[in-house]
Amino acid sequence: MIRGLAMTLTVLAGQANAADYYFCWKGENDYTMTGQMDIDPVALNKPLVTETDVTLFKIAGYHGGILLGKWDMATRDETDSWTLHFDPARGAFLTPGEAGLGVSQAWNANGDATDCGNPGFGFNLGNYAQDFCLNGVWVEESGMPPETPFLVSSIPVDPQCRIYAPVS
């Protein structure tokens, strides 16, 4: 019994030590995205975190504050685009120029942003733009230049990219 309790506490302690990140992206024409990512604490010492180091990842896309769709790695299909490049020292997602890649972030949306499924939602950060895929269609009017940084926080954010302040 004590051994079982010790194992349970070890598992819980490992989960509590996972690095939690929240992020928000502001696109053009009132398109936004929020997300959450947990990174294996061992990977935080790496110069580059990839999708293999992430233990939880989910995103939600909005237009004018209205939910368009969601995607998460827990329910992803093996054919879903899933590429992530994150610098834990800076707390920033890498752009294609920084990563030396054509697409540095593909979250259920490849470089063409047309493979998110129907119904489906995805986000792409490629060398042409950062933008959405919705129901298998590239949402061109959501696009931002590829080098545009977006908010990454240790505190949850809302669809308008405001950080939720702790209430005392």
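A hairpin of three residues links β10 to β11; strands here are DSSP runs of E at least two residues long, numbered from the N terminus. The model is a predicted one, where local features need pLDDT of at least 70 and side-chain atom pairs count only at pLDDT 80 or more, while totals for chains, interfaces and linings use all residues. Residues are numbered from 1 along each chain as its sequence is written, and side-chain values rest on heavy atoms, with hydrogens and water left out.

So what sits around β10? Strands pair if DSSP finds at least two bridges between them. On one side, β10 runs antiparallel to β9 (residues 103-107), with four bridges joining the two, and F123 is the bridge partner of W107. β10 also pairs with β11 (residues 130-134), again in the antiparallel sense, over five bridges. In that pairing, L125 stands opposite Q130 and F123 stands opposite F132.

How many residues of β10 are buried? Six of its six are, where buried means under 20% relative accessible area with a 1.4 Å probe, protein chains only. Both faces are covered: F121, F123 and L125 are buried on one side, and G122, N124 and G126 on the other. As for β11, four of its five residues are buried, so this strand is largely enclosed by the rest of the structure.

Next comes the largest nonpolar core, with 26 residues. A nonpolar core is a set of buried Ala, Val, Leu, Ile, Met, Phe, Trp, Tyr and Cys residues joined through side-chain atoms within 4.5 Å. F23, M37, F57, I59, L84, W107 and F123 have the most contacts inside this core. At least two core residues come from each of β1 (19-26), β2 (31-39), β4 (54-63), β10 (121-126) and β12 (137-144). In soluble globular proteins, nonpolar side chains tend to be buried together.

Finally, there is the pocket lining. The largest pocket is lined by 13 residues, with T34, G35, Q36, K58 and A60 nearest its centre. A pocket is an open set of points on a 1 Å grid over the protein atoms alone, where a 1.4 Å probe fits, with protein on both sides within 12 Å along at least five of seven lines; lining residues have an atom within 4 Å of a point. β2, β4 and β5 (66-72) each give two or more residues to this lining.

Definitions and conventions: Buried means under 20% relative accessible area, exposed over 50%, partly exposed in between (1.4 Å probe, protein chains only).
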